[in-house]
Amino acid sequence: MNSTLHEDIEQVLITAPQIEAKVLELAARITHDYADQEVLMVSVLKGSFFFTADLMRAIKRPLVLDFMAISSYGESTTSSGVVRILKDLEENIGGRHVLVVEDIVDTGLTLGYLLKTLRLRQPASLRLCTLVDKPVRRILPIQVDYRGFEIEDRFVVGYGLDYAQNYRHLPYIGVLRPDRIAAIAARAVAS
Ligand code: PRP
């Protein structure tokens, strides 16, 4: 593991080895549950790209990968629930076993919209796998079928998770220093 802590991180919440072990555990469950089925993995960009890459390599079933890119309207740090599809799927999901892969479920508004949209396309099954879940922040109830880590209401970055598009490259999931959040927000307003 990278033992050098980034200067903007106040605490490592989930280490790289903990993430690695959890990914293998989730992949084993998915491999078990999708016996005799092809998994159509839908990776929701951008945050889930590390998780997707590690998870899919540990799933021992036929698997097809596709990506969606979505964005919430508005500039706030929390989602509005009004979601715009920036890049749609290339695969037709009708009659197929779809597994949506997310980095984090927070208010549930983004996933609520996304799952509703995908359900209209009539997949044979539709499940959700998220690495991180913040249930205390939930506004819309979401069924999470595969959950990596349940965390409290801390602002976390790393392993794909960003703040203002930064910090995705950190190999662990860490808590961002509150003064850095304020400084980055102020810089964004000024530019
Ligand atoms: C994150 C995450 C979910 C959403 C969850 O994406 O990947 O899509 O927020 O938040 P919610 O439960 O409150 O709706 P983000 O908008 O940060 O985009 P990114 O994946 O490109 O970082």
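Mentor: We shall take the rings, the charges over them and the nonpolar cores in turn. This is a predicted model, in which local features need pLDDT of at least 70, side-chain atom pairs count only at pLDDT 80 or more, and totals for chains, interfaces and linings use all residues. Residues are numbered from 1 along each chain as its sequence is written, and side-chain values use heavy atoms, with hydrogens and water left out.

Trainee: Why is the pair of Phe155 and Tyr163 called edge-to-face?

Mentor: Rings of Phe, Tyr and Trp (its six-membered ring) pair if their centres lie within 6.5 Å; planes under 30 degrees apart count as stacked, over 60 as edge-to-face and the rest as tilted. Here the centres are 5.1 Å apart and the planes are at 85°, so the pair is edge-to-face.

Trainee: What makes Tyr163 count as buried?

Mentor: Buried means under 20% relative accessible area, exposed over 50%, and partly exposed in between (1.4 Å probe, protein chains only). Tyr163 has 8% relative accessibility and therefore counts as buried, whereas Phe155, at 30%, counts as partly exposed.

Trainee: Which residue lies over the face of Phe155?

Mentor: Lys134 does, at 5.7 Å from the ring centre. The criterion is NZ of Lys or CZ of Arg within 6 Å of the ring centre and within 35 degrees of the ring normal. Arg127 lies over the face of Tyr34, at 4.9 Å.

Trainee: What makes a set of residues a nonpolar core?

Mentor: Its members are buried Ala, Val, Leu, Ile, Met, Phe, Trp, Tyr and Cys residues joined through side-chain atoms within 4.5 Å. The largest such core has 27 residues, and Leu55 and Cys129 are among those that touch the most other members.
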